[in-house]
Each structure stands twice: as C-alpha cells, then as structure tokens.
4 protein chains.
Amino acid sequence: MPIPREITRKEKEEAIFAAALQTIKEKGFHKTRISDIAQRARISYGLVYHYFGSKEDLFDALLDRWWEGLFELLSCVREAHDPMRERLASIIRYFLDTYQEKPELINIFITEISRSTTNLTPNRLEKFKEFLSITEQVVQEGQDEGALRADFKARYLTNIFLGALETFVSTMVLADQHLKDNAQKRRIAESILEVFLNGARQQLTTAKP
Amino acid sequence: MPIPREITRKEKEEAIFAAALQTIKEKGFHKTRISDIAQRARISYGLVYHYFGSKEDLFDALLDRWWEGLFELLSCVREAHDPMRERLASIIRYFLDTYQEKPELINIFITEISRSTTNLTPNRLEKFKEFLSITEQVVQEGQDEGALRADFKARYLTNIFLGALETFVSTMVLADQHLKDNAQKRRIAESILEVFLNGARQQLTTAKP
Amino acid sequence: MPIPREITRKEKEEAIFAAALQTIKEKGFHKTRISDIAQRARISYGLVYHYFGSKEDLFDALLDRWWEGLFELLSCVREAHDPMRERLASIIRYFLDTYQEKPELINIFITEISRSTTNLTPNRLEKFKEFLSITEQVVQEGQDEGALRADFKARYLTNIFLGALETFVSTMVLADQHLKDNAQKRRIAESILEVFLNGARQQLTTAKP
Amino acid sequence: MPIPREITRKEKEEAIFAAALQTIKEKGFHKTRISDIAQRARISYGLVYHYFGSKEDLFDALLDRWWEGLFELLSCVREAHDPMRERLASIIRYFLDTYQEKPELINIFITEISRSTTNLTPNRLEKFKEFLSITEQVVQEGQDEGALRADFKARYLTNIFLGALETFVSTMVLADQHLKDNAQKRRIAESILEVFLNGARQQLTTAKP
DNA sequence: TATGAATGAGGGTTCATTCAT
DNA sequence: AATGAATGAACCCTCATTCAT
C-alpha cells in the first residue's frame, strides 16, 4: 500500500513547510535555526534533512512555491486578452490574495528576495529578473495597444506599478496588518489602479472644436 | 594640543564608517564580520569596539546618519511652502542624489531596513514609521490644498508615491546600475512625478459648454 | 522450499560484503556510510542491520574473512614440511594472489589494520599479533633447521621479511597498480626471497684450503 | 617589545602542537576532536582556530614538521658521499631517533600517512612519493657504484629496505614499545643493515683459481 | 524480509565580544 | 588609543541506529 506512505510524506513536508514559513516570517531567514523549524513542526531536526537537503534547499523550495503560483498567474494574464485594467487588476489581486491566505509567503518574498541582496544567489536573482521582465512585457503590450502612454520606457512604468503594489503589501507586512474584508482589498486595488492608470494611460487630447 | 587628537578620532570614526558602509553593502549586514570592517579600515578589530560599542551600535550609527539627512530634508520640504510637485521632486531628488553620492547608504536603507523584518528592532521600526508618517503629512497637505485628489486616503497615495520611488532606486541597486548623468536622473524623476501626479492630481472636470 | 531462501540469504550477504569491500576501499572505513554500502548493494540501508548487527560487526566480518584465509594458509605451510624458501614463497604468493583477486580485501588489511591504530580494537590487535606470532614461528623453525641465520632474533627476521612483503603490496595499493601477469608476480616474489634469503640465510664460511 | 609576544605565540603553537600530536597518536586523526586537543593544551577550542585555520591545516602543519626533518636528512645523506652502508644507516637512525624522541610524530607518519589511503590528499601523497623517490635515488646510486646488486629494480630494493625499516618501527609503535637504550637501537639498525645488505649487496663471485 | 522515516549525539567551524598588555 | 590573544555560545550538518509498518 504505497498510498498511505505518500500521504504521510506529503503531510510531513507540508508541516515542515508551514513551520519554516512561519518561523522565517518571525525571525528572518538568517536568524531561523533548523531546530526552530523542527520544534515548531514537532519533529527532530534531523528529519528536516531527510526531506530537504539543507537550510538553503528548504528556502529554495519555499520560494519555488511562490514563483510557481506567480508565473502561472502571469501566464494566464498574458493568454487571456483582457483589457489592460483587468490584467493589472489580476496581478494586484494575486498579491493581495496571497497576502490574505499565506501572509508568510509574501512576507518572505518581500523581505528576503525582493529587497535583499544578501540571500540573492544567482539563481534567485534570475527568477526575480524573469518576473520583472514578464511584467514589463505586459506593460509593453499595453503601450502597443494604446492603453498606456508610450512616452516613458515600459521599464519605468513597470517600476512604478510594481513599486506601488509592493509598497502596499510590504507596508501591511511590516505593520502586521490583516486584510479584514474583501471590501478593503477592493479599495486598495482600486487605488493603485486608479492612480496608476489615470496617469499612465495615454492622455487624450481633449481639445474639441 | 587636543585638536590633532580630535581630528584623529573623527578620522578614525569616519574610516570605520566608510569601511562598514562598503562592506555591509557587499555582504549584507549579517554576513559582515567586524574583522572585515576593521581590515578594510586598516585597524585592528578590537579598536572598532573602542569607537562603537557593538556591531549593532555601529549599524545604528550608520542608519542614524541616513535618517538624519532624510529627516532634515523632509523638514525643509515642509517649511518651504513650494508647490506640491516641487515638494515631491525634492524627495525624489534626495533619494537619487544619495544614491549617486553614497550608493552604499541607500543600499543599506533599502535592503536592510525598508524591506527587512529581520534587522528591525523596535527602535528602527519606529524611525521608519516616522518617515512614512511625515511623508504622509506632506501628501495630506497636498490633499488639503487641493493639489492632490482626496478620494483616497493620504496613506494610500503615500504608499504609491514612495513605492514607485523606492522601486526605481532598488532596481538600480539590485542591478548595480550607476546614474551616469544628471539627465538620466531628471528623466527618472520626471517619470515618477508625471505618472504619479497625473493620476493622483485632483481630476478637473473638463468644463463643457 | 528452504533452499531458495538460503540462497537468497547468502547472496544478499555476499552482495553486502562485496559492496562494503569496494566502498571501504574507496573511502576508508570511517568515511564509508552504511547507506553507501546499501546503495551499492541495491538494498535499503535498514536491511544491512538485519544481516549484520552494526557497522563494526560488518567490518569485523570482513576482516574475519581475511584472517580465515590467511590462518588457513599458515597452517598448511607449517604442516607441509617444505624447504624454507618454499614456505616463505607460499606466504608471499598468498598476499600477491589475494591482491590480484580481491585487491579490496588486502587494501583494507593494509590500510585499516596493519598500520592503523585507530580502528584497532583489542580483538583485532589480538588477531594481528597472532599472525605475527605464527609467522615468527615459521621463521624460528627455519633458524632451528639451519636454513636461516640465528644470530638475530626470530622476531627481527620476521619483521624484515613481512615488512618487505607488506611494502611491496602497499606500494601497489597506494598507486592503485594492477598485477598484470603472473610473470610480474613471480619477479616480485623472487626479489623479496632473493634479497631476504641471501642475507637472512645462515652464512657459510666459505671454506678455504 | 615585540619579542615577548613572539615567544608567547610560538609557545602556544608549540603547546597546541604537542597536544595534537599526543591526542592523534592516542585516538587517531579522525577520532581526535578539536576540543580534545584544546583541553589537553588547556586552552579554549576557539583558540586552535586562531592559530591554525582548521583541523586539516593543523594536521598538515604536523606533517610538514615531519617531512621537513626527513627531507633535510635525505639531503645531507646525498651530499655527504659516505659509503652505502653508512647512508642507509643514517636513514635508519633518523627513524629510530625520531621514534625515541617524538614517538607520536613517527606514529602519525606510519598510521595516518604511510599506510592510510583515507587521509591521503593529493598534496600529502605527493610528499610521500617524493620521499620514496629520493630514497630510490640513493639506492640507485648504490647500484651504480657497485655497492648494491643491480639485477633488481632500484624500486624493488627500496621497497624491501624501507619495508623492513618501517615494519620495525611500526611494530614498536603498535606494541607501544620503548627503545630502552642505545644498544637496542644499534642492534636493530644492525639487523636491518646486515640482512638487507648481505642480500642486496652485489654478490661476489668467490671463485678463485 | 524489507523499507525508509525518525531520532539525536556529536563535531567542525564562525565570530561577536572581552581584556590583558 | 591600539592590538590581537582568548573565550565560548551558536549553529549547521552527518550518520549510526532504531523501529513501525
């Protein structure tokens, strides 16, 4: 009966994941000891090494989970040819949803990757640049379609958009705020979109005879 | 002759500062060893403890220097009652100027403070919140004056503004880009302001006959 | 059907033996992990404990196999009352043959027992001393028979004989040399015997008229 | 006053050396813990890392000391054009003297280098081969001069000579025997030389008309 | 028989910090 | 002021061994 085994394995892995997520959120990657994680997962620390090769590997596995979801979303966004506003809204929603459901995950993304040179192995930097690059392509398409103003580099607009989004999320992370209801989420998304788009959108020359 | 002594002391401190700045930029706070700093400053590592009490203290002194300049600028901005656009431009310029002149300092601000929960002692978090709060007041004043749209919380607009700014800078930090000329600096500042303001600015209902 | 079971057991044991031999040769006893052995034997590491009680036990079993063959040979040598040269030749041949057929076994004898105090449990030391002692008896008999000079202790002559033999073998072990053909084997045996005997043999006072 | 410092440093290093030597002799390199050494030297284990970079480095420093003395001796032997017997006697005396004065050092040479593949880094193997090679040259010169029989490879004779010598020493090491007096030392040296030379020496065809 | 999850003692190494000189 | 020897808490990782299944 191989199935029960599999279940056990997955469950244990999941427990370690959860414990690592929580602990790293609280203490940061560097100050997190393997034994902290093990203790929280109620296992011996040796077992962590049975499932993950090393602290770094565990960390990478954690990040992979984040990237996986994000890249999948971006892929969907690009395939579905929604209007620009909707595409950007999807990205914003993904961050806010993740923050709501797995605040630790987005916390780690923000604190350990997005702004930390320290833990940035070449591999991780690569993923991050890929993320920036894909988002830039979305923006570029917006410019091509005439939905976004084209007098600034796509990279610049991308920076402004992602910067705004990230700051919202990281401010909440820093303040340990919770997204109470969906209304708040909608309001935040609305703010970002409104402010970003009404500026970034191609300006109509309103002159009429 | 007490004066030469004073000079020696200040010079030594400065040397340690510079060495710390550079090293932390390269390796991150956590991976920076006191001996690394001492070596770069060409002094013995014991001496670091003569000037600064501990690694943490040295780090705090570093940050203080950053906060000092930033708060001074913000104070100037609030006193001079320039138009909104000019006030925001001052803030942007301060970040870009500092990045140009002391890239290590802004790097450390970005990577070790702005987005890192890890090193965030209550003290440091306080400073950071103060910074957010002052900027928010500037924005609030803009809303009060009618220069910025008031249908969003001042905090939200602040997030978007600082987020955009920070992302520009941190992207450059990550990529180890240099600000080649003042023209590029002006272009970046312009982008941020343009996009932010044309969205954040109170919308004129285009009068129709 | 008890026979297939027996066969399986023996085969498994043999597989573990072979894997252990090979691995210990490559990495040394200490650096060899049980899991290395298991992997090479294509079994789970838990099973090793089913057949052998512990790592030490497995090692002892390995050595026993070596000692068994060696003591059997020495017993034969002593029973057959061959001339001295032939007896010593038998011993040399045994080492060279074993080196040719089971280089790992002799390698382990040389590196882990013959010259290593580290792994020398009292038990193992005992076996080793027994080996020395029996060889010394052979030499002693040679002295008694007048085949070997008696002006040095039997122990001394034994040291010289075994030392020469062992160094040949261990030099080959170190250099990972292979005994290509029987001719080379014969040449080596010849060298040792020639040099040892023409010195160790009782000197004839060349009668002069 | 830099001199006292130097003395302290050297003394400490010496103390660590002695402690390491003794401990490795007793437990073998692998089973020796840094803390064992530190404890015996009556210092904290951290200090070992202050003087030697790592366990391996300390081990290498130990070996270097051995090689240094040995190579120096071999160099002397080759320069002084003594008769063959005297040259070989010098080598034997060096081993026996070292064994008498620093039994731990020769113990480590025998157990951890001469016969152990395990700790043999390429670097260390190189030194060992160099030693073999130089000794072989001495033997070769003996053959060229007609002092040693030339019907066997120099390498073979070298093996026999060094093997005999090494076995004497290592047997004493194993048995933890002490060289009581110089007489015993002389007797051992005599045995080795006698047996080796009377065989290895070019045979005189005694035929006289 | 057979598997591999689980445990935890053990050991190497780092490095902030202290302090005698 | 300045040095760097000395300390030892911390922490990562290995791996022999046990045991439920």
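Biologist: At roughly what angle do the axes of helix H4 and helix H7 of chain A cross?

Modeller: In this predicted model, the axes of H4 (residues 55-79) and H7 (residues 122-144) of chain A cross at roughly 20 degrees and come within 11 Å, where axes are lines fitted to C-alpha atoms over the stretch in contact and angles run from 0 to 180 degrees between N-to-C directions. Helices here are DSSP runs (H or I, at least four residues), numbered from the N terminus. H4(A) and H7(A) are therefore roughly parallel to each other, a term for angles under 35 degrees.

Biologist: Which residues of H4(A) meet H7(A)?

Modeller: Leu63(A), Trp67(A), Leu70(A), Leu74(A), Val77(A) and Arg78(A) do, and among their partners in H7(A) are Phe131(A) and Ile134(A), with contact meaning C-beta atoms, placed from the backbone, within 7 Å.

Biologist: Switching to chain D, is Glu166(D) buried or exposed?

Modeller: Glu166(D), which lies in helix H8 (residues 154-175) of chain D, counts as buried because it has 24 C-beta neighbours inside 10 Å, the cut-off for buried being 20 or more other C-beta atoms within 10 Å.

Biologist: And how are these residues and chains labelled?

Modeller: Residues are numbered from 1 along each chain as its sequence is written, while chains are lettered from A and ligands numbered from 1 in the order in which they are written. As the model is predicted, local features need pLDDT of at least 70 and side-chain atom pairs count only at pLDDT 80 or more, whereas totals for chains, interfaces and linings use all residues.

Notes. Helix = DSSP H or I, 4+ residues; strand = E, 2+ residues; numbered from the N terminus. Buried ≥ 20, exposed ≤ 12 C-beta atoms within 10 Å, placed from the backbone. Parallel < 35°, antiparallel > 145°, perpendicular 65-115°, else oblique. Contact = placed C-beta atoms within 7 Å.
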